Amino acid sequence: MDLFKKHPIAVMLSVIFHLALVIFFVFGAELFNEKKIESKPTVNVVKATVIDESKVKAEAKKLKELEKKKKLQEKKRLEDIKEKRLAEEKKIADLKKQHAEQKKKLAQQKAEEAAKQAKLKQQQALKRKKEAEAEAEAKKKKLAQAKKEKERLAKEKVAKIKAAADAKAAKEQAEREQALREQLEKEEQENQKRLAEKAVASYRDLIKQKVERNWIQPPGEIAGLNCVVRVRIMPGGDVIDAQVIQSSGNAVFDRSVERATRKAAPLPLPDDPRLASYFRILEFVFRPGGQ
Amino acid sequence: MKRTMKTVLLLCTLLSFSAMSEALRIEITQGVSSAQPIAIVPFSTTQVAGGLAIDIAQIVSDDLARSGRFKPLPRTDMLNKPTSAEHVNFRNWQSLGQDNLAIGRVSSAANGMVTVQFQLFDVYRGEQLTGFSISANRSDLRGVAHRISDLIYEKLTGQKGAFSTRMAYVTSKLGINGQLEYKIQVADADGFGAKTIVTSSEPLMSPAWSPNGDKISYVSYEGRRSSIYTQTLRTGQREKLRSFKGINGAPSWSPDGTQLALTLSKDGSADIYVYNVITRSFRRLTRSYAIDTEPDWSPDGRQIIFTSDRGGKPQIYKISANGGQAARLTFEGSYNARASYSPDGKYITMVHRVNGQYRIATLDLKTGFTNILTDGKLDESPSYAPNGSMILYSTNDGLKSILAAVSSDGKVRQKLRLQGGEVREPAWSPFKQ
């Protein structure tokens, strides 16, 4: 097809020629034979009819002349035929020669074509090879590039990880420092708180002792009873009011513990007003026998 | 700058701390078992025609003091003596360390009766806890006073007062003829108003109250033989139970008053029998070669505890009132005897020997824990008050036997001074029916 595209006229001609050649080989001989058969009747269709002597003589002369003529004619015809045959033979020879030439030419053409094809093939192979090579080269290149990219990415990744690790380390460091600072602050706070708690606890103990001294336990079974008294304290330690906020269910018990908180007044309070502020509202949990 | 920061920090801490515990919680796990201070102001008698021979406030004070649970304020310490609420200044009584205050008034009523009004105040709360108005005969004012004592006691301790109850006990002293004279007496719980219900030249023993307090059973050796008598207090009429050869002793009334547990030795050794008051029949409860004696009924009437030496030494055993197998209750010490149930049935009190000395102890039936309440050498015959708060017993004061009372937790002990020589075997009455 490529060939057709490249040399349309040559190909067409070649095709037509080939076709003609084929037709000739197939039908050529038959054509000549037919002509041979057709010539026979022409030779055999001679008829003669005798009418009188004169006539016949004339006729015979005529006939003789005719015969002569005919003979001449025949001779000529034969000569013609011979000539024709010769011509034909020549023509056939020519044709044969031509054919051979054609064939030769065709063979040559074919050879040329083959050579061309081979060349083409070679070229194509070459091209393919080249292409393959190019492709391989490209592939190689691509691979190399990919490798390079990969390496680059890996490098980047490493860099990134490193950066992240660095950032993390930095962050951790910062956090550690922050934690340390917070720890110190917390410790400071806790220290303050501890001091405050300690002071509060010691006053709490004093208050507890004073309330316990003032709590006359009611007789009978009181273990298990539980009563909570909320007491509001004046700055001097006096009781503003005392209220049972969680009853034990035993009125005598409740009254005894409420009274204990009232009787314990004035409660010992720290002088430091900030510490004393813890003691404005106290909740006494009376839980006899409990720990 | 740093200083400021520090101050801010401290303030923050304090704030957070105070926010954390808005109200400081303080746990109180113990108090004191001391007596409650109470002021009992002499009752006004200006409205009584002819005045009063008895001092109600003093009787109440003595009752409460004797219980061991109260410490009445001496009158001489009182700043003023209000007789009506509007004259009460609670601050005064607070400054005197008083928890409670009782005031009262007596006025004449119709038909020679008097009306006694009294009020009880909580000094620290500044409010009235209770108030009563009681009409009574002039002759019954001691009873009214005990009634007031009961009301105050119940209000302030949560337990029913036992001041209106009585006790029976045995006295013995040399008579005019140089002979020992035995008596069973019944007195108010404060020892006043003692009345002799029976006198004998032979020993009298083991007085036992009927459950509604109208009769007393006891053992008498009159005729030199022991017999059990049941005497109705109101009439003085007494009935002798059929007596048997040997011991007839230690009567104890069943809580429903239909049966009497006692000790008989008619079949050999001393055993516990049950006498049915209605059918007048005896039923043998224990059957042992040892001495079984001193029965006492559980408050629900289902069990009977008694003393037995079946194990070699006297110990307390328990048996179903219907009979059956006896189970030993006491395992601590080599001598436990004369047991009786507390009114709630949770404890028994008994004589417990420790280091050769006889003391009053309680046994917690639930835990098996023995609690020694007294420290005498020869303490005997424990008897629970009907409210379970105290135990009467006899103890030796020098060479003389007297009565004493101990609170059931052993914390308060008090000797009772009674007329009549040697006093022993007290029996606390049930609540008045």
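Student: Is B:Glu181 buried, partly exposed or exposed?
Tutor: Happy to start there, and a word on the ground rules first. This is a predicted model, in which local features need pLDDT of at least 70 and side-chain atom pairs count only at pLDDT 80 or more, while totals for chains, interfaces and linings use all residues. Residues are numbered from 1 along each chain as its sequence is written, chains are lettered from A and ligands numbered from 1 in the order in which they are written, and side-chain values use heavy atoms, with hydrogens and water left out. Buried means under 20% relative accessible area and exposed over 50%, with partly exposed in between (1.4 Å probe, protein chains only), so at 29% B:Glu181 is partly exposed.

Student: Which residue does B:Glu181 meet in a salt bridge?
Tutor: A salt bridge here is a side-chain nitrogen of Lys or Arg within 4 Å of a carboxyl oxygen of Asp or Glu. The closest N and O atoms of the pair are 4.0 Å apart, and the partner is B:Lys183.

Student: How far apart are the closest N and O atoms of A:Lys162 and A:Asp166?
Tutor: Both residues belong to helix H3 of chain A, and because they are four residues apart they are separated by about one helical turn. Helices (H or I, at least four residues) and strands (E, at least two) are DSSP runs, numbered from the N terminus. A:Lys162 is exposed at 52% relative accessible area, while A:Asp166 is partly exposed at 45%. They form a salt bridge, and the separation is 3.9 Å.

Student: Helix H3 of chain A also holds A:Lys208 and A:Glu212; what is the N to O distance in their salt bridge?
Tutor: These two are four residues apart as well, about one turn of the helix. A:Lys208 is partly exposed at 23% relative accessibility, whereas A:Glu212 is buried at 11%. The N to O distance between their side chains is 3.4 Å.

Student: Let's turn to the interface. How large is the area buried between chain A and chain B?
Tutor: Contact means heavy atoms within 4.5 Å, and it takes 41 residues from chain A and 40 residues from chain B. A:Arg255, A:Arg259 and A:Tyr278 supply 17% of the area that chain A buries against chain B, more than any other three residues. Buried area is the accessible area (1.4 Å probe) that two parts lose on being put together, summed over both. Carbon and sulfur atoms give 57% of it, and the total is about 4000 Å².

Student: How many salt bridges are there between chain A and chain B?
Tutor: One salt bridge joins B:Glu27 and A:Arg287, with the closest N and O atoms 2.9 Å apart. There is also a network of salt bridges that links A:Glu258, A:Arg262, B:Arg125 and B:Glu127. Over all chains the structure holds 31 salt bridges, and the count between chain A and chain B is six.

Student: Which element gives the most residues to the side of chain A that touches chain B?
Tutor: The elements that give two or more residues are helix H3 (54-214), strand E1 (227-233), helix H4 (251-263) and strand E3 (281-286) of chain A. The one that gives the most supplies 13 residues, and that is H3(A).

Student: Which residue of E1(B) is the bridge partner of A:Leu282?
Tutor: Two strands pair if DSSP finds at least two bridges between them. E3(A) and strand E1 (residues 24-28) of chain B pair in the parallel sense over five bridges. The bridge partner of A:Leu282 in E1(B) is B:Leu24.

Student: Within chain B, which residue in the turn between E23(B) and E24(B) has a positive phi?
Tutor: Strand E23 (residues 336-341) of chain B has five of its six residues buried. E23(B) pairs with strand E24 (residues 347-354) of chain B in the antiparallel sense over four bridges, and B:Ser340 stands opposite B:Thr349 in E24(B). The two strands form a hairpin with five residues between them, and the residue with a phi of about 75° is B:Gly345.

Student: Last one: what share of the residues in chain B is buried?
Tutor: Chain B has four helices and 31 strands. Its C-alpha atoms fill a box of roughly 100 × 70 × 40 Å along the principal axes. Of the 433 residues in chain B, the buried share is 50%.
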